[in-house]
Amino acid sequence: MILYTFKKGVNVIDRLNQSELREMWEDLGMNLELHDQLLESNSRLFKKTHLWQKKRPAAMKLFDRALHDSHGQRVAEILDYRKGGGKSVGTFCIYVPDEIAMAANVLTIPLCGGSGWSVSYADEMLPRDICPLVRSTFGMALSETCPYKTLKEYPLGETTCDAKKKTWDLFGIPAMEVPQKKNEEDRKLWISEVTTFMKDMEKVSGTEVTVDKLRDSIRKCNRKRVILQQINGFRRLKTPPISGLDALLVSQVALNMDIDNFISAGEELLEELMERADNDVSAFDGDGVRVLFAGTPSPMGYAKVHWAAETSGLQIVADESCTGIRYYRDLVPEDLDTLDEMIEAIADRYFKIDCPCFSPNTERFDNIADVIDEFQAEAVVHNILQFCHGFNIEAGALDKMLIEKDIPSLKIVCDYSEEDGEQIKIRMEAFREIIESKRNR
Ligand code: BJ8
């Protein structure tokens, strides 16, 4: 057996070979034939979207491996943890406070699907005209190709968009109540929801959340977010040492990977990025056009728009999404003394998330304007997953703000399928030409 070797790796378990993996999937009740198809589709797509890049940091191999391990070695780690009495809950949104679950010894497993392969398997239960993120997630569960289906005490939803809320109802999934507005009474409701979440997590694990445990988990989650901030901070440079595609991969993997292993891999990548920055090594050929990617999340498996942009001479230098800045922008203060103070601070940290599920959501526009300035983006690529009404309708107001700032934007509404990839590329190339000609005006 090969050992799982991270430089300063922790939570190390023996690496499973192929037949051990198949045995594990069989024991989990998965459909091996369909799962093989899913893995084949994911790996073919990954080669196409990521492996054409010639100037990737060497440390990206850690994240490539973590991506490929998400249905294998990571599952084995969680299985091992659960066999030892560990508890876990499945989640679908970055609104669920990891710090609290961690302090109660409960592992959160993000379940959002990014694979186009599984979307049609959702037809059995869900309408076709809802967002591919929801359909991909439940398509995997319904086709018995999701290894996490039985690896948790329960899945935990949240009251964000209508597609998710009604799906929770359909499948009998409990949900945290995320308010729809951000007034003081909404904040109070959210603090009480976070408190209820803590009690639920204590019940799940039989472990009391103490001041010390919560302080430790706040520190650890902050550490992970700071690493993401630092990695992405290098994208401010004129010659970014990491591409948008790879920065997205790091963020996608951050949601699934064991937190200690992620911190360790992130530190290794940071060291290399520092060196590349010192030597002015870019991840891109030539100058390109600096763009901000804004919009719906890109869960693991989905990188079509990043691929189309970066194979067309655009350089994505920042991601305004839940698989980008929205996930790591805000930290929780570490110097608090009581449980109540900590819970309130955690609730406030998550309440800053500027999801279009809120009405109004004007802080998102201010945040986007700041990111454009900070990362010197010349343009915005606005990606909206088909049927996501919140992001799609909000795009109108965002466009207005961008026009006022004289920032060109391109809106791409699409699903997870591969068919429109080339068409999107043509639009990206035309967009790049427009921005280049604007430069010469
Ligand atoms: S905080 S963006 S992770 S809800 S893309 S399922 S909104 S129809 S994912 Fe999200 Fe939390 Fe908001 Fe972020 Fe619905 Fe839109 Fe689909 Fe979405």
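The protein has 17 helices and eight strands, where helices (H or I, at least four residues) and strands (E, at least two) are DSSP runs numbered from the N terminus. This is a predicted model, in which local features need pLDDT of at least 70 and side-chain atom pairs count only at pLDDT 80 or more, while totals for chains, interfaces and linings use all residues. Residues are numbered from 1 along each chain as its sequence is written, and side-chain values use heavy atoms, with hydrogens and water left out.

**Overall form**

- For 441 residues a compact globule would have a radius of gyration near 22 Å, and the protein agrees with this at 21 Å; the radius is taken over C-alpha atoms, and the globule rule is 2.2 Å times the number of residues to the power 0.38.
- Of the 441 residues, 57% count as buried, where buried means under 20% relative accessible area, exposed over 50% and partly exposed in between (1.4 Å probe, protein chains only).
- Among contacts (heavy atoms within 4.5 Å) between residues at least 6 apart in sequence, 77% join residues at least 24 apart.

**Ligand surroundings**

- The ligand is surrounded by 14 residues, of which the closest are Cys93, Cys161, Cys322, Cys355 and Cys388; a residue is near a molecule if one of its heavy atoms lies within 4 Å of it.
- This shell divides into eleven nonpolar residues, two polar and one charged, with Ala, Val, Leu, Ile, Met, Phe, Trp, Tyr, Cys and Pro counted as nonpolar, Asp, Glu, Lys and Arg as charged, and the others, Gly among them, as polar.

**Helix 8**

- The end C-alpha atoms of helix 8 (residues 184–205) are 32 Å apart, in agreement with the 32 Å that its 22 residues should span at 1.5 Å a residue; the expected span is 1.5 Å times one less than the number of residues.
- Buried residues of helix 8 include Trp190, Phe197 and Met201, and the elements against which its buried residues pack include strand 1 (87–91), strand 3 (154–158) and helix 14 (339–351).

**Loops and backbone**

- Ser70, in the loop between helix 3 (60–69) and helix 4 (73–83), counts as buried at 8% relative accessibility.
- Most residues other than glycine have a negative phi, and most peptide bonds are trans.
- A cis peptide bond, with omega about -5°, joins Ser359 and Pro360.
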